[in-house]
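Dear colleague,

Please find the structure below, handed over for your reference.

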Amino acid sequence: MFEKIIETVKSETPLVHCITNYVTVNDVANILLACGASPIMADDVSEAAEITSICKGLAINIGTLNVRTIEAMKLAGKRANELGHITVLDPVGAGASTLRTDTAFSLLKEISFSVIRGNISEMKTLYQGSGTTSGVDASVSDRITENNLDEVIALAKELNKQTGAVIAITGVIDIVTDGNTVYIIRNGHPMMSQITGTGCMLTGLVAAYCAANPGRILEATAAALLCEGIAGELAYEKTKSVDGGTSSFRMFFIDAVSQMTDENIKEGKKVEVR
């Protein structure tokens with residue numbers, strides 16, 4: 001199912017252009033290096049499109065927006081589309097402010113995305129045009145549970161129809177779909193929510209995995225989510241063994257991603273396919 005996806009990332013070392021938020025830019029760069037990819041961060045309008053031209057993937061994250069970076073995102077996204085490169089959108093906080101929401105819709109209108117990854121509140125905003133995002137986190141009332149799983153899957157499929165992108169809705173339970181096949185992933189650990197940047201890092205991983213496996217975007221996206229979830233589980237066990245806290249967990253988490261193999265995914269995955 002996920003054979004050789006990580007192996008391909010490590011052998012191809014895809015260069016991934018990230019226009020991401022300044023809170024987590026270092027984390028995103030480190031996780032890309034850890035997984036075997038190569039990061040480059042360029043958000044100035046004078047070079048964004050040019051930098052994208054030499055990359056295999058583009059990750060756009062709207063976590064810390066300003067007018068200058070919005071234009072850079074559009075220029076880079078359009079160039080990536082022209083070249084047939086992987087494009088990933090992380091609509092961080094869509095629904096929390098007019099600027100974020102309007103920017104998300106403007107990007108969707110002007111750029112064709114390979115993958116859209118976000119929490120359930122952000123994805124509801126993209127689908128409905130408005131939402132109840134609580135800052136950059138999903139609203140409690142929106143969180144994915146076993147009870148609303150079918151409803152979330154239906155939303156993901158509809159959003160796929162609207163955008164043409166593989167949809168990855170992440171939370172305690174993750175949903176990934178191309179409108180036909182659905183992966184339901186139950187890997188991860190609650191401690192992942194106690195460090196900054198796991199969502200941003202995941203978007204970078206998705207871009208890298210898909211850039212190295214452009215013919216397997218659905219499987220590559222699911223594999224990236226599995227990698228991060230399993231890494232969170234392994235990091236928690238190591239943190240507990242040394243009586244560590246969140247700083248230790250962050251270090252062990254990046255370690256786990258750097259040591260992840262296709263065999264780890266095969267053995268550790270908690271995935272249901274529909």
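In this predicted model, the backbone nitrogen of Val23 lies 2.9 Å from a polar atom of the Asn21 side chain. Asn21 itself belongs to the loop that runs between β1 (15-19) and α2 (25-35). With a relative accessible area of 5%, Asn21 is buried. Leaving aside residues up to four places away in sequence, Asn21 touches Asn61, Gly63, Thr64 and Cys200.

The cysteines were examined next. A disulfide is a covalent bond between the sulfur atoms of two cysteines. A search of the whole structure finds zero disulfides. For Cys35, the closest cysteine sulfur is that of Cys227, at 7.3 Å, which is too far for a bond because a disulfide requires the two sulfur atoms to be within 2.5 Å. Cys55 is likewise in no disulfide, and the nearest cysteine sulfur, that of Cys18, is 8.4 Å away. Cys35 counts as buried, at 2% relative accessibility, and Cys55 counts as buried at 2% as well.

The last element to report is helix α10, which comprises the 13 residues 246-258. At 1.5 Å a residue, helix α10 should span 18 Å, and this agrees with the 18 Å between its end C-alpha atoms. The buried residues in α10 are Phe249, Phe252, Phe253, Ile254, Ala256 and Val257. An α-helix has 3.6 residues a turn, so residues three or four places apart point the same way. The buried residues of α10 pack against α2, α8 (198-212) and α9 (217-241).

With kind regards

Methods. Residues are numbered from 1 along each chain as its sequence is written. This is a predicted model: local features need pLDDT of at least 70, side-chain atom pairs count only at pLDDT 80 or more; totals for chains, interfaces and linings use all residues. Side-chain values use heavy atoms; hydrogens and water are left out. Helices (H or I, at least four residues) and strands (E, at least two) are DSSP runs, numbered from the N terminus. Buried means under 20% relative accessible area, exposed over 50%, partly exposed in between (1.4 Å probe, protein chains only). A polar contact is a pair of N or O atoms within 3.5 Å; within protein, one must be able to donate a hydrogen and the other to accept it, and residues adjacent in sequence count only if both atoms are side-chain atoms. Contact means heavy atoms within 4.5 Å. The expected span of a helix is 1.5 Å times one less than its number of residues.
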